[in-house]
Structures are given as C-alpha cells and as structure tokens.
Amino acid sequence: MASISGDASRFKIILGSSSPARREILADMGYDFTVMSADIDEKAIRREEPEQLVKALAEAKAEAIKLKLHGECASDRDQPALLITSDQVMVCKGMIRERPRSAEEAREFIKGYSDDRAFAVNFVLVTNLSTGATRGGWDIPEIKFRHIPDGFIDTVVHQSDMTFVAGGLKLTHPSVLPFIKELVGTTDSVRGLPRQLTENLIRESVQEE
C-alpha cells in the first residue's frame with residue numbers, strides 16, 4: 001500500500017467507479033482496494049456550472065454506494081474504510097460535454113476540439129465511512145489541440161472504446177496524441193482520477209482519525 005500519514009493498514013479502500021482507467025491509476029498509486037459501482041441516473045443530476053455538476057455527481061455516487069454498504073453485516077463494517085468517488089466532464093467552447101449519446105454527437109464533440117482547446121473538469125471525493133467526514137477537490141487540466149482531420153474523426157466515431165468517455169474522445173489513446181499540441185496538467189487527471197489530488201485527500205482523511 002502507498003505510504004500515507006497515519007496507520008493506513010487500518011483502512012479499507014473502496015473505489016466507487018467502474019472505470020478501468022481509474023482502477024489502473026489507483027493501483028499504480030500502490031493501494032489495495034475493492035471496487036463498487038453506483039447505480040445512479042447521471043442524466044437526472046443537472047447543474048449549470050461544470051464544477052458543480054461533477055461535484056454533485058461524485059456526491060450522488062458516494063450516497064448510492066453508502067446505501068449499498070448499509071446492508072452489510074457488522075463485521076464487514078468493523079474495519080474503517082475510505083470511499084473514493086469522482087466524476088469528470090469536458091468543457092469546450094463553454095459547453096459541458098459528457099459521454100456522447102450517439103456517433104453523431106461524438107463527431108460534433110471531436111470536430112469542436114480541432115484547432116481549439118478543452119478543459120477536463122474533475123472532482124474527487126473521499127468519504128470516511130466511519131465518521132461520515134468528506135474531503136473533496138477539483139483538478140482541471142487544459143488540453144490544446146492541433147487540427148483534427150475529418151478522416152480521423154470518421155474512423156473513430158463508430159469505435160465505442162474511443163468515444164464512450166467524457167467528452168467523446170479517449171485523449172490518451174496513441175492515435176489521438178499527435179493531435180494534442182499541449183497538455184497543461186497531468187495525464188492521470190485527463191484519464192479521470194487526478195493522482196496528486198487523490199493522494200492528498202486520502203492523506204487528509206486518514207489524519208482526521
């Protein structure tokens with residue numbers, strides 16, 4: 001397990017996400033953890049500001065998972081646990097972009113990035129399930145794009161593994177990297193779990209004990 005303040009071995013880590021990228025990042029950070037997904041209707045949660053939207057979604061995921069855990073036997077709850085939930089949206093031209101609902105919407109998203117820039121708005125929430133205390137924060141990298149040819153867009157819009165992500169384009173895929181002029185931020189943040197922010201929130205949550 002990663003070295004954090006306090007007796008980290010006392011804490012069970014629960015990642016409230018089904019995202020393979022988030023699982024990989026947290027594992028790379030050195031944590032042992034279990035995975036639970038939150039069964040919520042994300043489209044039913046709306047906020048005008050992207051920062052407030054991702055915060056509301058991360059909080060809703062945490063509440064849904066807490067309800068799932070409520071039915072577990074007492075022995076499972078004896079070990080203090082930290083629950084990590086997060087959410088991400090892309091913002092381009094002032095518009096919030098979540099997962100595209102169709103290939104055409106993915107095409108629209110990707111064409112909008114060409115010769116422009118976007119922001120990956122992340123919110124990470126760490127909930128101490130023993131005390132109910134929460135710690136959260138935002139991380140917002142900026143991605144500057146080169147021209148993205150129509151031929152490339154035509155190729156990827158029908159590939160669900162490339163487009164079924166916030167913003168409609170898997171930015172860390174090798175085929176996409178030539179079209180990224182500059183990343184102001186970190187790759188792990190673009191992938192949906194800002195490493196340093198998550199580490200800081202875990203450390204703060206452990207120190208509260």
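The model is a predicted one. Salt bridges number 16 in this model, and those described below include a pair within helix 4, a pair between helix 4 and helix 5, and a network that links E42, K61 and D87. Strand 7 pairs in the antiparallel sense with strand 5 and also, again in the antiparallel sense, with strand 8.

- Within helix 4, which spans residues 103–113, E104 and R107 stand 3 residues apart, about one turn of the helix, and they form a salt bridge whose closest N and O atoms are 3.5 Å apart.
- K111 forms a salt bridge with D150, and here the closest N and O atoms are separated by 3.0 Å; this pair links distant parts of the chain, since K111 belongs to helix 4 and D150 to helix 5 (residues 150–156), 39 residues apart.
- K111 counts as partly exposed because its relative accessibility is 44%, a value that lies between the limits of 20% for buried and 50% for exposed.
- D150, with a relative accessibility of 46%, likewise counts as partly exposed.

- R135 and E204 form a salt bridge in which the closest N and O atoms are 3.5 Å apart; R135 lies in strand 6 (residues 134–139) and E204 in helix 8 (residues 195–207), so the pair ties together parts of the chain that are 69 residues apart in sequence.
- R135 is partly exposed, at a relative accessible area of 31%, and E204 is also partly exposed, at 29%.

**Strand pairing around strand 7**

- Strand 7, made up of residues 142–145, pairs with strand 5 in the antiparallel sense over 3 bridges, and within this pairing F119 has E142 of strand 7 as its bridge partner.
- Strand 7 pairs with strand 8 (residues 180–184) in the antiparallel sense over 4 bridges, and the bridge partner of K144 in strand 8 is E182.

**N128 in strand 5**

- N128 is located in strand 5, which covers residues 117–128, and this residue counts as buried because its relative accessibility is 0%, where the cut-off for buried is under 20%.
- A polar atom of the N128 side chain lies 3.2 Å from the backbone nitrogen of T131.

Technical notes. Residues numbered from 1 in each chain as written. Predicted model: local features only at pLDDT ≥ 70, side-chain atom pairs only at ≥ 80, totals over all residues. Heavy atoms only, no water. Helix = DSSP H or I, 4+ residues; strand = E, 2+ residues; numbered from the N terminus. Buried < 20%, exposed > 50% of the residue type's maximum accessible area, 1.4 Å probe, protein only. Polar contact = N/O pair within 3.5 Å; in protein donor to acceptor, adjacent residues only side chain to side chain. Salt bridge = Lys/Arg side-chain N within 4 Å of Asp/Glu carboxyl O. Pairing = 2+ DSSP bridges.
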